[in-house]
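User: I have this one open and want to go through it piece by piece. Can you take my questions as they come?

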Amino acid sequence: MAPTSKSNAKVKPAEGKLGILMPGLGAVATTMIAGVEAIKQDIAKPIGSLAWMGKMRLGKRNENRMENIRDVVSFSRPDQVVFGGWDIFKDNAYESALNAKVLEPALLEKVRPALEKIQPMAAVFDPEFVKRINGPNVKKGKSKMDLADQLREDIRRFSRENNCSRLVVLWCASTETYIPLGDVHSTLDKFEAGLRTNDPGIAPSMIYTYAALMEGVPYANGSPNQSVELPALQELSRIKGVPIAGSDFKTGQTLIKTVLAPGLKARLLGLSGWYSTNILGNRDGEVLDDPGSFKSKEITKLSVLDQILQPEQYPELYGDVHHVVRINYYPPRGDNKEGWDNIDIFGWLGYPMQIKVNFLCRDSILAAPVALDIALFIDLASRAGFSGVQEWMSFYFKSPMVAPGLKPEHDLFVQQLKLQNTLRFLAGEELINHLGLTYYGVDESDAR
Ligand SMILES: NC(=O)c1ccc[n+]([C@@H]2O[C@H](COP(=O)([O-])OP(=O)(O)OC[C@H]3O[C@@H](n4cnc5c(N)ncnc54)[C@H](O)[C@@H]3O)[C@@H](O)[C@H]2O)c1
């Protein structure tokens with residue numbers, strides 16, 4: 001891969017090593033790591049990664065400037081990235097990848113030495129929050145604050161031992177059970193008091209987030225857990241000047257939903273129901289079989305349609321939509337999830353029609369480049385001096401975080417435009433609004 005060529009005034013260059021630390025070295029994390037190691041050996045291409053493979057237009061359409069995104073803003077190259085993480089199981093990344101059965105053993109054999117070196121650090125874990133699994137590689141501590149201090153020490157040690165210039169932490173561990181946010185999550189002071197007194201409302205994911213932010217390390221959340229969502233931890237991210245992003249990787253069924261729904265809405269086709277169901281047999285599916293963990297997932301999966309369709313603006317089209325989402329644990333399929341969508345729509349004079357989608361996907365194959373891009377983009381955000389919630393990274397999330405008072409944007413193409421314009425902004429390039437009147441002799445300088 002060609003080295004990153006262009007740096008610019010607004011972004012510090014991606015020099016030195018970037019450490020990507022992940023709570024959870026399971027299917028997604030190991031598929032991502034194995035892929036990056038294969039890319040380093042030039043036996044694979046970074047398919048699905050905007051940072052390493054994507055191109056975008058700069059300037060006017062008649063200038064013919066399609067550039068590699070990695071040349072527009074600087075990203076760490078594959079050879080600059082190192083991985084580490086925590087897991088409740090002691091398996092190294094090679095063993096964990098074999099167990100996950102996403103990649104075939106012949107491919108894993110080629111990257112085995114690099115993966116075997118990645119030994120998970122002991123996790124912060126609480127079976128109250130993840131009910132279907134338990135493991136031996138877990139920290140002990142006098143209090144939740146003590147556990148946070150141990151994680152902070154892990155982060156510092158990893159950075160030292162791997163000679164990292166920068167780090168990011170990306171949650172790739174299991175989905176925790178849903179809990180409503182309470183007083184302890186409301187301010188940083190109350191949250192820190194709760195860490196010292198072992199408040200039961202503080203989940204392990206929140207302890208990892210706290211530890212990362214205290215170390216000045218950007219944090220992104222690949223699951224629907226509430227961690228970066230907490231007002232207390234958002235306050236900490238602003239105090240420390242550190243970017244945060246989340247939540248829940250937008251990969252299979254929800255990706256397709258946020259492609260299709262904007263199309264239906266654009267043509268004012270009505271919707272009476274959207275029934276989505278999945279079968280999946282990996283460890284993620286096993287954890288999501290628990291109603292508490294599924295509740296977290298259901299919330300992020302259900303929220304997308306309302307925001308895209310705006311039923312308050314079009315009650316006659318979208319005011320009575322039956323939206324159902326199911327995930328069924330079905331071991332024979334492993335990571336090869338099958339999703340069915342039945343979409344009941346109606347058109348002119350109310351005549352009903354149906355769309356059926358049958359997506360035979362591979363969960364971790366879809367998630368791996370998303371996880372990689374999130375790590376590379378949040379590092380970019382940090383080098384650009386951004387802090388707090390990074391809404392421009394919504395493109396990657398089922399449940400994008402936004403500033404208070406804003407509704408999240410779920411339409412994949414609006415999200416893409418937002419992301420690309422942010423990159424143009426960082427590169428000091430003209431923003432693109434797709435008005436295009438200038439090609440027809442109209443002066444666009446009057447546009448408001
Ligand atoms: N694969 C996808 O397409 C996709 C999409 C959206 C979100 N996600 C989310 O990504 C996460 C990872 O998915 P996966 O398929 O790799 O799951 P997985 O079960 O294969 O891996 C999760 C790993 O996290 C470990 N773990 C659990 N609690 C932990 C803790 N407190 N600290 C450290 N490790 C812990 C588990 O032992 C396991 O090895 C899940 O939360 C999942 O919901 C996945």
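A loop residue

User: Is L268 buried or exposed?
Analyst: L268 has 12 C-beta neighbours inside 10 Å, so it counts as exposed. The cut-offs are 20 or more other C-beta atoms within 10 Å of a residue's own for buried, 12 or fewer for exposed, and partly exposed in between, with C-beta atoms placed from the backbone.

User: Before going on, what kind of model is this, and how is it numbered?
Analyst: It is a predicted model, in which local features need pLDDT of at least 70, side-chain atom pairs count only at pLDDT 80 or more, and totals for chains, interfaces and linings use all residues. Numbering starts from 1 along each chain as its sequence is written.

User: Back to L268, where does it lie?
Analyst: L268 is in the loop between α10 and β9 (270–280). Its phi is near 55°, which is positive although the residue is not glycine. Helices (H or I, at least four residues) and strands (E, at least two) are DSSP runs numbered from the N terminus.

User: And N64, what is its phi near?
Analyst: N64 also has a positive phi, near 55°, in a residue other than glycine. It sits in the loop between β2 (55–58) and β3 (65–68). N64 counts as exposed because it has 8 C-beta neighbours inside 10 Å.

User: Where is the cis peptide bond?
Analyst: It joins G246 and S247, with omega about -5°. S247 is in the loop between β8 (243–246) and α10 (253–266).

User: New topic. How is the chain divided?
Analyst: There is a domain 1 (17–249 + 365–426) and a domain 2 (253–360). Those bounds come from an automatic or database domain assignment. The C-alpha centres of the two domains are 26 Å apart.

User: How many residues of domain 1 are in contact with domain 2?
Analyst: 26 residues of domain 1 touch 26 residues of domain 2, where contact means C-beta atoms, placed from the backbone, within 7 Å. The side of domain 1 that touches domain 2 has 10 nonpolar, eight polar and eight charged residues. Here Ala, Val, Leu, Ile, Met, Phe, Trp, Tyr, Cys and Pro are nonpolar, Asp, Glu, Lys and Arg are charged, and the others, Gly among them, are polar.

User: Where does the shell around the ligand lie?
Analyst: Both domain 1 and domain 2 give residues to that shell, so it lies between them.

User: How many residues surround the ligand, and which are the closest?
Analyst: There are 37, and the closest are G24, G26, A173, S223 and R283. The cut-off is a C-beta atom, placed from the backbone, within 6 Å of the molecule. The elements giving two or more residues are α1 (27–40), β4 (81–87), α11 (283–288) and α14 (363–383). Of these, α14 gives the most, with four residues. By class the shell has 21 nonpolar, 11 polar and five charged residues.

User: What about G84, buried or exposed?
Analyst: G84 lies in strand β4. It has 26 C-beta neighbours inside 10 Å, so it counts as buried. Neighbours within four places in sequence aside, G84 is in contact with G19, L21, I118 and F158.

User: OK, the packing. How many residues has the largest nonpolar core?
Analyst: It has 113, and those with the most contacts inside it are L170, I207, A371 and I374. Its largest share, 14 residues, comes from α14. A nonpolar core is a set of buried Ala, Val, Leu, Ile, Met, Phe, Trp, Tyr and Cys residues joined through C-beta atoms within 7 Å.

User: Which residues is A371 in contact with?
Analyst: Leaving out neighbours within four places in sequence, A371 is in contact with V28, M32, L170, C172, G222 and F249. Another core, of 11 residues, lies apart from the largest one and includes A261, V304, L305 and I343.

User: I207 is in α8. How many of the residues of that helix are buried?
Analyst: 10 of the 11 residues of α8 (residues 204–214) are buried, I207 among them. What covers them includes β1 (17–23), α6 (144–161), β6 (164–171), α7 (188–196), β7 (219–221) and α9 (231–240). Just after α8, G216 takes a positive phi of about 75°.

User: Last one, the whole chain. How many helices and strands are there?
Analyst: 15 helices and 13 strands. The radius of gyration is 22 Å, close to the 22 Å of the globule rule for 448 residues, so the chain is as compact as a globular protein of that length. That radius is taken over C-alpha atoms, and the rule is 2.2 Å times the number of residues to the power 0.38. Of the 448 residues, 48% count as buried.

Key
Contact = placed C-beta atoms within 7 Å.
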